[in-house]
Amino acid sequence: MNVLQAMLARRSCRDFTAEPVTEKEIEQLLLAANAAPVGMARFDAIALSVIQDPALLSGIEAAACAAAPEAANKHPLYHAPAGILVSVKQEEGRTGEMHRMSAACVMENILVEAAELGLGSVYLMGVMAALSQDAALCAAAKVPAGFVPVAMAAVGHSAAELEPHPATAERFACARV
Ligand SMILES: Cc1cc2nc3c(=O)[nH]c(=O)nc-3n(C[C@H](O)[C@H](O)[C@H](O)COP(=O)(O)O)c2cc1C
């Protein structure tokens, strides 16, 4: 699978089986994460947490559900057996904004590598509001002091086969000048 094929194969998985992610797969995902472009090469501003503790994953889910009791989805982690949490150093203004953009690049690398490995994945931002406000959960996830979690790549095995994206250059409006 070349890189474009992996990008097209990457679809958001919202139904994971209980099959765990292997240590080898986690290592591959971390290699991909660490290859991401990072604004101003501020590698110090990004911190990752690999979360496979079912109690912690359930705790994050419970916090998100408690924060949004009206939400129809009671399993915003979709039973994923693993999550790679991306946290950024809290800095003001454009630098802080840049760290969040770097985090998105880290996320995409993880998601594309998951596709390459035949794993399902989904970019989770919805649960971050609740998680970032919960000091105990952040401590359990080993989010460093002065950092805030901004996204989590939920990874695992998809319960269903997901259709790859069609190869198109027309999804986004694109001006040529
Ligand atoms: C910044 C960002 C935040 C997202 N947050 C969530 C989320 O909290 N929960 C979720 O189920 N999907 C989330 N997604 C996944 C998008 O809904 C998904 O990428 C989009 O619907 C396109 O589908 P695809 O990923 O299969 O191409 C997020 C994606 C991005 C890029």
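## Helix 4

The expected span of a helix is taken as 1.5 Å times one less than its number of residues. In this predicted model, helix 4 covers residues 93-116, and its 24 residues should therefore span 34 Å. The C-alpha atoms at its ends lie 36 Å apart, in agreement with that value.

Buried residues occur along helix 4: His-99, Ser-102, Ala-103, Val-106, Met-107, Asn-109, Ile-110, Leu-111, Glu-113, Ala-114 and Ala-115. Their cover includes helix 1 (3-9) and helix 2, together with strand 1, strand 2 (82-89), strand 3 (120-124) and strand 4 (147-156). Just after helix 4 comes Gly-118, with a positive phi of about 80 degrees.

## Loop between helix 2 and strand 1

Most residues other than glycine have a negative phi. Met-40, in the loop between helix 2 (23-34) and strand 1 (46-51), has a positive phi, near 55 degrees. Ala-41 is placed in the loop between helix 2 and strand 1 and has a positive phi of about 50 degrees, although it is not a glycine.

Met-40 counts as exposed because it has 10 C-beta neighbours inside 10 Å, where the cut-off for exposed is 12 or fewer. Ala-41, with 9 such neighbours inside 10 Å, also counts as exposed.

## Ligand surroundings

Around the ligand are Arg-11, Ser-12 and Arg-14, along with Val-122, Tyr-123, Leu-124, Met-125 and Gly-126. By residue class, this shell consists of four nonpolar, two polar and two charged residues.

Terms used:
Residues are numbered from 1 along each chain as its sequence is written. This is a predicted model: local features need pLDDT of at least 70, side-chain atom pairs count only at pLDDT 80 or more; totals for chains, interfaces and linings use all residues. Helices (H or I, at least four residues) and strands (E, at least two) are DSSP runs, numbered from the N terminus. A residue is buried if 20 or more other C-beta atoms lie within 10 Å of its own, exposed if 12 or fewer, and partly exposed in between; C-beta atoms are placed from the backbone. A residue is near a molecule or strand if its C-beta atom, placed from the backbone, lies within 6 Å of it. Ala, Val, Leu, Ile, Met, Phe, Trp, Tyr, Cys and Pro count as nonpolar, Asp, Glu, Lys and Arg as charged, and the others, Gly among them, as polar. Two residues are in contact if their C-beta atoms, placed from the backbone, lie within 7 Å.
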